[in-house]
Amino acid sequence: MRFSGRTDELKKTVIAAVFGFAVGALTMMVYGYDPISAYIALFNGAFGDPYGLSESLANATPFILTALTFAIGFRGGMFNIGAEGQLYLGALAAVTVSLFRFPSGISFALSIIFAVLAGAAWSLPVAVLKAARGVHEVISTIMLNWISRFLSFYLIAKILVDPLRAEKTISIAESVRFPLLVSGTSLSYGIFVSLFAAIIIYLFLWRTVSGFDIRAMGFNPVAATYAGIDKWKITLIVFITGGFTAGLAGAVHVMGRPPTYAIYSGMPSIQGLGFEGLAVAMIGRNHPIGIIFAAIFFGGLLAGGRMMQLSSQVPLEMVRVVEGIVVLFLAIPELIQVFSFLREIRIPFIFQFKRSQNKHGRR
Amino acid sequence: MKQIASVMVAIFTVALLVVGLVMTPGTAQAALKGKVALVVDVGGRGDLSFNDMGYKGTDKAAADFGLKMVDIQSVSAADYLPNVRNAARSQSFDLIIAVGFLLTDAVATVAKEYPDQKFMIIDSVVDAPNVMSIVFKENEGSALVGALAAMVAAHYGYPYVGAVLGIEIPVLFHFEAGYRFGIDWGNKAYARKKGTNPSTGLLYTYTGTFSDIAKGKAATQAMLAQRAGLIYNVAGPLGIGDLQAITEAIKAKGKEAGPPFMIGVDANQDWMGDGHRVLASMLKRVDNACYNATEAVVKGTFKGGLTVMGLDVKGVAMSNYPELLTFMEFGIGAGKITKQDKANIVSNWKNMREQVPSWIWNAVADLEKQIISKKISVPNANTLEEMKAVRTKYPLTK
């Protein structure tokens, strides 16, 4: 991993953004939409006024946390894409606590703790499989994401279902929700949880011995192992910590996002928050502080995208295309690193999977 | 003197008139902004159901009344609230239409924040003075398809009709209650025509899901095994599973067309199954609801509160030819069928309907007329107790 200066990173990001928006504008022009009015709507909707900014921050809240899941793994040389499934279970764990009637303070604390533990519990098999059988985390996290998805469908439909409104789970009790930070917007106090978590993870990775070990492992696993760093301990820490933040993301979203504070069947409100965290981590250069800004930017794209539909009549499909183009360009500098990193672990993954099946031992 | 008096009287009269005109409520209606917003759920356009119908009805109203329609789709359910709120914040819409009950909480929240903004929500109730909540008399539409099912089953010699329902919630009781009444009415109509009451029975299953298609298939297979001739899909997507089971049963007999048939729900599903395995559908005319609400705003007759649309105002209906064409267009737009399939589906559909004797269709039309003229009142149920009472009155067992 190259250590380029921060201004250098900023320069790359700005250039990438300019290219992204330019290509997005061209695409809109080709399909007959006015990019100028569309971009004005986009930026006004995202950051133009306190309302737009609040919506952007509200969108950023879960993205920061799921991006951290990926970033921690990436810093340790692992490709953890399990945030999606862990987030589902975190959200469900928080809702589950609302089945019981504890005093609100206890209920709040339990919701958070359960969510964090659920995320970690869903992450644990990944670490164990990797350590014990050499199963690559990409394979196991993809599988666990699906298992989590269907498990969630079951729990939503059978256990947590709202008896009066079968399309959703019971709602988080009012006293257990994150209060709104700005009334009349979607922004709750949950944003502080996300910011706090990003700072904690930053301090953990850069100011503790374990954090140093993780980064050393990611930087050069051979040298790190030679230096006496326990690879399996690092693997465990990376996935457990990642599970913590992903589970927390689920809780913060379902406990802080108005108006329903529940999960609809089919999970249309939380689906994708984990995967989009991956893009956020890329844009944020897998650095917790970078991730904060990337998440706000990404959240702003989504908030502004809604306004593109409303005030410049760009249909949602085109909005998504433009958003995708911008995000892709922004991720390019980091993607280049990821691909070189993937080469180091000898992708395609399937070879590794087969090898572990053949019991030829781990690498 | 007299002249002055008459001038005074004239001035007074004119003044009164002017004041009266200005004060008269309704004549001083605020100018229209000329835009209507349509917010749909994550199913988006091309859902072949509520969203497509909402789009069609609102688009037509916008064209008829010279308004501009802005449709706002949602990527995630987390967008519902911001999308509705953004539309209200923009202060540029005469009416914001929210299609589907999933947007209930979003509309309820924003309606409170923007009391001067008019809203309409489909298929759900939001209790606010600025929200028109439109729901449908599912019991009336279900009575029609129930009567049809009972008579057609008897005609083809099937002892039962079936219903595959979703979760046991109040809305579904509307369907079941109306369907039961319709079957009973159909049995009697058959008796009047043929002299013997076929006493067609009802097999029904609450699958407990609106998404598990396999359960729809399994429930349908069980009913077909007991010789049910028509299966009413009252669980949205489960209809796909219902139709799979029906199609397999038909093909096992070496045939292509029903019986057994499915009866579609909400949207016109007659075109599915190549046009000859779904005999009819119970439509909720979301398009008419959107049109009416927009018209009410334009004409200044918009009123908040609950509007229940029945057969009389074409809120519910049994599917017919014009809707078949409309929904085939939706199907083509969504890539489910191709333009080339269209002619084949139409001819299959016509053929299927012609196989059913015309007196049955006339009987159903007669029932519809009697419901509209309020000669017949279709029972309804909103609670389990009420549902049980309807079940006791129309047991429909063999």
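How far apart do the C-alpha centres of domain 1 of chain B and domain 2 of chain B lie? They lie 30 Å apart.

## Reading the model

This is a predicted model, where local features need pLDDT of at least 70 and side-chain atom pairs count only at pLDDT 80 or more, while totals for chains, interfaces and linings use all residues. Residues are numbered from 1 along each chain as its sequence is written, and chains are lettered from A and ligands numbered from 1 in the order in which they are written.

Let's start with chain B as a whole. Its C-alpha trace spans about 100 × 50 × 45 Å along the principal axes. You can trace 13 helices and 12 strands in chain B; these are DSSP runs numbered from the N terminus, with helices being H or I of at least four residues and strands being E of at least two. Out of 398 residues in chain B, 54% count as buried. Buried means that 20 or more other C-beta atoms lie within 10 Å of the residue's own, exposed means 12 or fewer, and partly exposed is in between, with C-beta atoms placed from the backbone.

Domain 1 of chain B covers 35-136, and domain 2 covers 138-283 + 317-393; these bounds come from an automatic or database domain assignment. Where they meet, seven residues of domain 1 of chain B are in contact with nine residues of domain 2 of chain B (in contact: C-beta atoms, placed from the backbone, within 7 Å). On the domain 1 side, helix α2 (residues 50-65) of chain B gives the largest share, three residues. By class, that side of domain 1 has four nonpolar, two polar and one charged residue. Here Ala, Val, Leu, Ile, Met, Phe, Trp, Tyr, Cys and Pro count as nonpolar, Asp, Glu, Lys and Arg as charged, and the others, Gly among them, as polar.

## Where the chains touch

Now for the meeting of the two chains: 25 residues of chain B are in contact with 24 residues of chain A. On the chain B side, β2 (68-72), α3 (80-89) and α4 (104-113) are the elements that give two or more residues. The largest share, five residues, comes from α3(B). Sorted by class, this side of chain B has 14 nonpolar, eight polar and three charged residues.

## A helix pair in chain A

Over in chain A, helix α3 (residues 50-75) and helix α10 (residues 231-256) pack with their axes 8 Å apart, at an angle of about 170°. The axes are lines fitted to C-alpha atoms, for helices over the stretch in contact, and angles run from 0 to 180 degrees between N-to-C directions. So α3(A) and α10(A) are roughly antiparallel to each other (angles over 145 degrees count as roughly antiparallel, under 35 as roughly parallel, 65 to 115 as roughly perpendicular and the rest as oblique). Residues of α3(A) in this contact include L65(A) and I72(A), while those of α10(A) include L248(A) and V252(A). By class, the contact has nine nonpolar, nine polar and no charged residues.

## The nonpolar core

The largest nonpolar core has 242 residues. Such a core is a set of buried Ala, Val, Leu, Ile, Met, Phe, Trp, Tyr and Cys residues joined through C-beta atoms within 7 Å. Those with the most contacts inside this core are F298(A), V39(B), V84(B), I97(B) and V107(B). Helix α12 (residues 288-312) of chain A gives the largest share of the core, 13 residues.

Let's zoom in on some residues. V107(B) touches V84(B), A98(B), F119(B), I121(B), V126(B) and V131(B), leaving out residues up to four places away in sequence. L103(B), in the loop between β3 (95-98) and α4 of chain B, is buried, with 28 other C-beta atoms within 10 Å. With the sequence neighbours up to four places away left out, L103(B) touches residues including V39(B), V84(B) and I121(B). V152(B) lies in helix α5 (residues 138-155) of chain B and is buried too, with 30 other C-beta atoms within 10 Å.

Which peptide bonds are cis? One of them runs from P258(A) to P259(A), with omega near 0°, and another from G258(B) to P259(B), with omega near 10°. P259(B) sits in the loop between α8 (238-252) and β9 (261-266) of chain B.

D274(B) is not a glycine, yet has a positive phi of about 55°. D274(B) is partly exposed, with 17 other C-beta atoms within 10 Å.
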